[in-house]
Amino acid sequence: MTVEKMRDYLYHLPEQFAESLKMEFDFVEDYRSAYENIVVSGLGGSAIGGDILRTFALQKASIPVVVNRDYNLPAFVGEKTLFYAVSYSGNTEETLSAYRQARERGAAIVCFSSGGELEKMARLDGKPVVKVPTGLVPRAATGYLFAPLVLLLEKLGIVAGARDELGECVLVLRDIRDSLHPEIEIEKNPAKKIARELKDSIPIIWGSSGISEVAALRWKAQINENAKSPAYYHVFPELNHNEIVGFEVPAELVSRLFVVILKDRFDHERVKRRMAISRDIIKQRVKGFVEVESRGESFLARLYSLCYTGDYASFYLALENGINPTPVALIDYLKAELA
Ligand code: PA5
């Protein structure tokens, strides 16, 4: 995938949600059951949709969603578990291992993948595979790797409102991209401005344990994979109980940090206060900081609005660094060494 393809993916993210809204799940009647929990197994770009599902379910579902990023499944997984195996390539060994364990324990399994071993195994086992289009990279398929997960839960009656929220995502993201896409010059393009500030910095992303926890993780991972830069994230209020103290070190150690604070108007009032105090503590010590506000009304639109700005900022940071955002050579190397 070239730089242009990554740029096109960014532009077309809202359409991934729009397309997913048309999906039918012809197996849904066979999956109606009184589940006690939902487990999503995936890694990296295939796991973030699980995290979004987990935070969405915290507000909307009466059973928990747990995201598993490991070879082994938690002990509670069994016949009352709805198990999602999510792997863009279908060849991620941790996810394949978790799939086999879920099968042994009699969980109800649904796979989300573009193909690979996962699809082969699932077809042999008679498990449904929700197909993700080929020709992308996992982090560029984030709409396809989240929307079907939540829409299926809605069809099963486990959550409500997902369809409407995804519809709002389409509108809000289309609106946001008008100010973020490459033709918009830096003075009017917040993502380009942030990328310029992040150049030669170590990005620290702060979210809150409400809506922006996952957005902060997404920013961090996108900066890692697109811009090939270290980046770290933490969330309020927890970071006020440890990380903040780290800013006391001699100035030369923190002077390359650039802090991005992700804000949402529904953050807890005390979190808003904590963000303001923390910003004042760090502002003379770090290279700089910026605050990014969510847009939209619904939970998913607000969350994705934060993610989308980070997607674009990480893309522009790659360009600032003279790097092709698409290849992830070290991930490929690790997978090859482990094969
Ligand atoms: O973005 C990436 O390429 C990675 O984070 C992958 O998503 C991760 O290695 C897992 O691979 P897959 O998504 O194919 O299961």
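## Strand order, domain contact and ligand shell

Strand β4, helix α4 (residues 116-125) and strand β5 form a β-α-β unit that is right-handed. The description that follows refers to a predicted model.

Strand β4 spans residues 108-113, and six of its six residues are buried, so the strand is largely enclosed by the rest of the structure. In general, side chains in a regular strand alternate between the two faces of the sheet. In β4 both faces are covered: Ala108, Val110 and Phe112 lie on one side, while Ile109, Cys111 and Ser113 lie on the other, and all are buried.

β4 pairs with strand β3 through six bridges, the two running parallel. In this pairing, Val86 stands opposite Phe112 of β4.

From β1 the chain reaches β2 through helix α2 (residues 48-60) in a β-α-β crossover that is right-handed.

| Strand pair | Residue ranges | Bridges |
|---|---|---|
| β3 and β4 | β3: residues 81-87 | six |

**Helix α5.** Helix α5 (residues 147-155) is mostly covered, with seven of its nine residues buried. The buried residues are Ala147, Pro148, Leu149, Val150, Leu151, Leu152 and Leu153. Just after α5, Gly157 adopts a positive phi of about 80°.

**Contact between the domains.** The domain assignment gives domain 1 (3-160) and domain 2 (180-320). Their centres, taken over C-alpha atoms, are separated by 27 Å. Domain 1 brings 13 residues to the contact and domain 2 brings 16 residues. On the side of domain 1 that touches domain 2, α1 (3-20) and α2 each supply at least two residues. Helix α2 gives the most to that side, with six residues. By class, this side of domain 1 has seven nonpolar, three polar and three charged residues.

**Ligand shell.** The ligand is surrounded by 15 residues, of which the closest are Gly44, Gly45, Ser87, Ser89 and Pro138. The shell comprises six nonpolar, seven polar and two charged residues.

Definitions and conventions:
Residues numbered from 1 in each chain as written. Predicted model: local features only at pLDDT ≥ 70, side-chain atom pairs only at ≥ 80, totals over all residues. Near = placed C-beta within 6 Å. Nonpolar A, V, L, I, M, F, W, Y, C, P; charged D, E, K, R; others polar. Right-handed = clockwise from strand over helix to strand, strands pointing away. Helix = DSSP H or I, 4+ residues; strand = E, 2+ residues; numbered from the N terminus. Buried ≥ 20, exposed ≤ 12 C-beta atoms within 10 Å, placed from the backbone. Domains from an automatic or database assignment. Contact = placed C-beta atoms within 7 Å. Pairing = 2+ DSSP bridges.
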